[in-house]
Amino acid sequence: VILIRGFCSRAQRTVEALADGLGPEANPNASGANEILRPGDVPDFPVLTAVGVNRRPVIPGTIYPVVVTNRELIEHVQSLVNSGSPYLGTFLRQSEVEVKETDKGTKNQKQDGIPAFDTIDRGIMSLDEIYTIGTLTQIHNIFPIRGGISLVLQGHRRLTAQSLVVSDGVSKVKVQHYRGKRSKKTGDGPDVLEAYANEILTTIKEILKFNPLFKEQLDYLIANVDVNLNPGRLADTASGLTGATSTELQEILEAFDIQERVNKALYLLKKELQASKLQREISQKVEEKVNENHRKFLLQEQLKNIKRELGLEKDGKNVLSTKFKQQLDGKDVPEEVMKTIEEELERLSSLEESSSEFSVTRNYLDWLTGLPWGLSSNENFDISRAQKILDRDHYGMEDVKNRILEFIAVGKLLGQVPQGKIVCLVGPPGVGKTSIGKSIAEALNREFFRFSVGGLSDVAEIKGHRRTYVGSMPGKLIQCLKKTQVSNPVVMIDEIDKMGTGYRGDPSSALLEVLDPSQNASFMDHYLDVPIDLSRVLFICTANMTDTIPGPLADRMEFIPLSGYIMQEKVEIAKQYLSPAALKETGLTDKDVQLSEASIEQLVRWYCREAGVRNLQKHINQIYRKAALHLVQASEQGDKSKDSKDVISQTYNYVSSLFSPDGAEKINSETSVPEVKVEEKEEDKEEKKLKRPIMVTEENLGDYVGKPIFTSDKLYDHTPVGVVMGLAFNQLGGATLYIEATVVDEHEDSSRSGLHTTGQLGDVMKESAQIAYTVAKRTLRSHDRKNNFFSKNSIHMHVPEGATPKDGPSAGITMVTALLSLATGKQVRKDLAMTGEITLTGRVLPIGGVREKTIAARRELATTLIFPKANEKDFEELPHLVKEGLKPHFVENFEQVYKIAFESED
Ligand SMILES: Nc1ncnc2c1ncn2[C@@H]1O[C@H](COP(=O)(O)OP(=O)(O)O)[C@@H](O)[C@H]1O
Ligand SMILES: [Mg+2]
């Protein structure tokens, strides 16, 4: 490197000396190493050192920087410079592969911090490698660089390579020189060329407007080229300025004819102009966009500042942490939780406001500080007040009400909330399970929160999501605490028997933790991750049936059954609760509409036979809405006719005034007419007005709620042979169901006889039917030895309604009775209904749902009832209202049933 440096500095000195020698003659403005020689001063060397450039040919009249890395060439260039004739024959290489290799080299050099100039890394081995038309160049400047030397070549004139000799890695060419000539074409005189030259200049100036980088080169051009005298040289230099491709430039080089060259140069310049314009446009557009964005950003920053000044900005970290601290005011936060809060506050202050972690932490703190730590509402220990509130909202439901009053009494004695089993209200729909929750909360003076777990299958609904999930939230219980802002609300978990189990864990086991008094004092929500005390919450659950409640949950519950209402109860509920509430809702009073008791009875009897009162409530609401519509329509009509009366009387006034003989009379008529008008109006009102109150009676009930849904009390007035009324019990309460048996076929061969059942019976009920068949056969034999009915007939037994699935053993005695009725051809006694499981030996076992079944029997006007003996106690406990007028029989074996059904008439 040192060696090269030494020789390079020598070379430079040589160039400088050379330039000095040329002095003012060459160029008075140029000085030192930058001096440019005039082309005419260079002699025509017959043989020159040849170098091959890769990127573009050196156009005469331009300068071209190259880097030489080839060792032999470097030495040779040095000797050329030293010998005082620093001239080269420069040619463009042809092969593309070589260009690529050079590019690689260039890249490497770039990494070393050297500008990516065209690189000459080897000599020319044959004329095939190059375009033979090249340029006589002068080494104008020489610098040492790492790994080689950098040359500035100045192009002088065109030459053609004729032959090539290679020695010691350096190639020499024999050349023919071309000095610039005028165009051969005489037609295009000098004027045409000059015009072209001018056009070239104008185009350059225009390019300059768009691309100021050309300025320097242009200055050089103006200073060094006598444009007017030499259009060919102008074309050369100008095309050298453009970003044309190597082949385009080579074409310029090969255009010995000046006219052709000028043409081509102008074309290249125009192309350059277009490109520059386009470039300018693009850059302007980009700039506009950048400016716009910048402007927006600035405005937004200003807006933020303004908001902060006005106190509207809530997101500032300081504002946030003061807000969180304020939320804790007056709360009694456990030490452990306080520690977490402080840690999180610290974290918040160190996080970037726009980061996602910031918002996670902020949300977390919002929940944590928003909980009612240590806050609770004052318990009501006044029993009479509680009783009043409970009675105000609900009729009956004595069990539930008593349970709440007991709860208050124990609480009063203990001075704190009693711990115990979770109350679960079980009953058919519409009996007031959900709605009494609110009254209970009010009676206890607590906040109320209800959530339904029907269909819920995601544990996260109860236990919350872990905080790492996007959009995570705490579970329902934490949401409840935050909403009610007390730690002792009444929480109603509705429809607990309809809870699902999904693939996201089992929510019932999560509820277990919530409901178990020994665990819920430190309930862990996944989101909050600190223990929460739920022990002061009063949980009430509701369910339609107990069967589907998971065992462990059921174990922690105390079930309070709410059975359906009988007719009288429904009438009372409608009169005392539903009707006044509906009246209030429609904005009417009893001066507007009155619903007679008889019509309520009609409603209950012919429209709404289900166990609850929801349907009844719907009908009553409908009646009042219709009545409201009638009233409003009537009053609107009254208004309209009043308006039209006004118009008529005014017209009358006007017409009569036209005909009146003098003004006095006119005034008279005007004053007298209003009196007439008032009279007319009142008369009209009387005519149109609906009579208030509207009375809804038995007669016009159909106008309000349509035709009755039920037309008779029973399916059969007197059950025919083979049909017996049974009593059933399901989710919707009690119901009557008929068991029908009939003969399908009669045959001598006893092996073809048998029993066929239909009506969507479950497995238990199907087996029960088989048992009944056996019992019936045996009973028949014991009563009438000779009767071989069962062995001669195949029998079909059906239980309507066929679409409803049924199961359970409680229809056992009913089926036996139906089969025996068929076999003996005797009807069972009138108004008989029965229920009871049968064993193979004919014993009658107890069943469930006595109250529901009794109510259902009443609804169907069955008066003689048969129950298993073991259910006698259940029946005795029923309210008097339900038992009234019924004739119950309690049986232990089927013989007794047989007697009641077929023999005794009392
Ligand atoms: N004993 C009752 N006294 C007064 N209103 C009742 C009674 N039972 C039910 N209701 C009314 O019937 C409607 C339905 O009751 P709801 O609580 O939704 O039934 P459930 O939850 O048992 O299915 C409610 O508007 C409720 O006020
Ligand atoms: Mg409900």
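A residue is called buried when its relative accessible area is under 20%, exposed when that area is over 50%, and partly exposed in between. The exercises below use this rule on a predicted model.

**Exercise 1. Describe the shell around ligand 1, and explain why ligand 1 is said to lie between two domains.**

Solution. 
Step 1. Count the shell: ligand 1 is surrounded by 17 residues, and the closest are Y395, G430, K433, T434 and S435.
Step 2. Sort the shell by type, which gives 8 nonpolar, 6 polar and 3 charged residues.
Step 3. Find the polar contacts to oxygen atoms of the ligand. For G430, a backbone N or O atom is 2.7 Å from an oxygen atom of ligand 1. For K433, an N or O atom of the side chain is 2.7 Å from such an atom. For T434, a polar side-chain atom is 2.6 Å away from one.
Step 4. Consider the cover. Ligand 1 alone exposes 560 Å², and the protein buries 87% of that.
Step 5. Name the elements that give two or more residues to the shell: α14 (433-444), α19 (567-585) and α21 (614-659). The largest share, 3 residues, is that of α14.
Step 6. Turn to the domains. Residues of the shell come from both domain 4 (383-561) and domain 5 (567-705), so ligand 1 lies between them.

**Exercise 2. State where Y565 lies and which residues it touches.**

Solution. 
Step 1. Y565 belongs to the loop between β14 (557-561) and α19.
Step 2. With a relative accessible area of 7%, Y565 is buried.
Step 3. Leaving out residues up to four places away in sequence, Y565 touches Y395, M397, V431, K570, I573, A611, V613 and I855.
Step 4. A polar atom of the Y565 side chain is 2.8 Å from the backbone oxygen of V431.
Step 5. Compare sequence with space: Y565 and G733 are 168 residues apart in sequence, and their C-alpha atoms are 9.5 Å apart.

**Exercise 3. Work out how many residues of α27 are buried and what they pack against.**

Solution. 
Step 1. The buried residues are V850, E852, K853, T854, I855, A856, A857 and R858.
Step 2. Their packing partners are α19, β17 (723-730), β18 (733-746), β24 (864-868), α28 (872-876) and α29 (880-883).

**Exercise 4. Examine the phi values of M397 and L861, and classify each residue by accessibility.**

Solution. 
Step 1. Recall the background: most residues other than glycine have a negative phi.
Step 2. M397 has a positive phi, near 50°. L861 also has a positive phi, near 60°.
Step 3. M397 is in the loop between α12 (383-393) and α13 (398-414), while L861 is in the loop between α27 and β24.
Step 4. M397, at 7% relative accessibility, counts as buried. L861, at 38%, is partly exposed.

Terms used: Residues are numbered from 1 along each chain as its sequence is written. Chains are lettered from A and ligands numbered from 1 in the order in which they are written. This is a predicted model: local features need pLDDT of at least 70, side-chain atom pairs count only at pLDDT 80 or more; totals for chains, interfaces and linings use all residues. Side-chain values use heavy atoms; hydrogens and water are left out. A residue is near a molecule or strand if one of its heavy atoms lies within 4 Å of it. A polar contact is a pair of N or O atoms within 3.5 Å; within protein, one must be able to donate a hydrogen and the other to accept it, and residues adjacent in sequence count only if both atoms are side-chain atoms. Accessible areas come from the Shrake-Rupley method with a 1.4 Å probe; for residues, only the protein chains shown count as cover. Helices (H or I, at least four residues) and strands (E, at least two) are DSSP runs, numbered from the N terminus. Ala, Val, Leu, Ile, Met, Phe, Trp, Tyr, Cys and Pro count as nonpolar, Asp, Glu, Lys and Arg as charged, and the others, Gly among them, as polar. Domain bounds come from an automatic or database domain assignment. Buried means under 20% relative accessible area, exposed over 50%, partly exposed in between (1.4 Å probe, protein chains only). Contact means heavy atoms within 4.5 Å.
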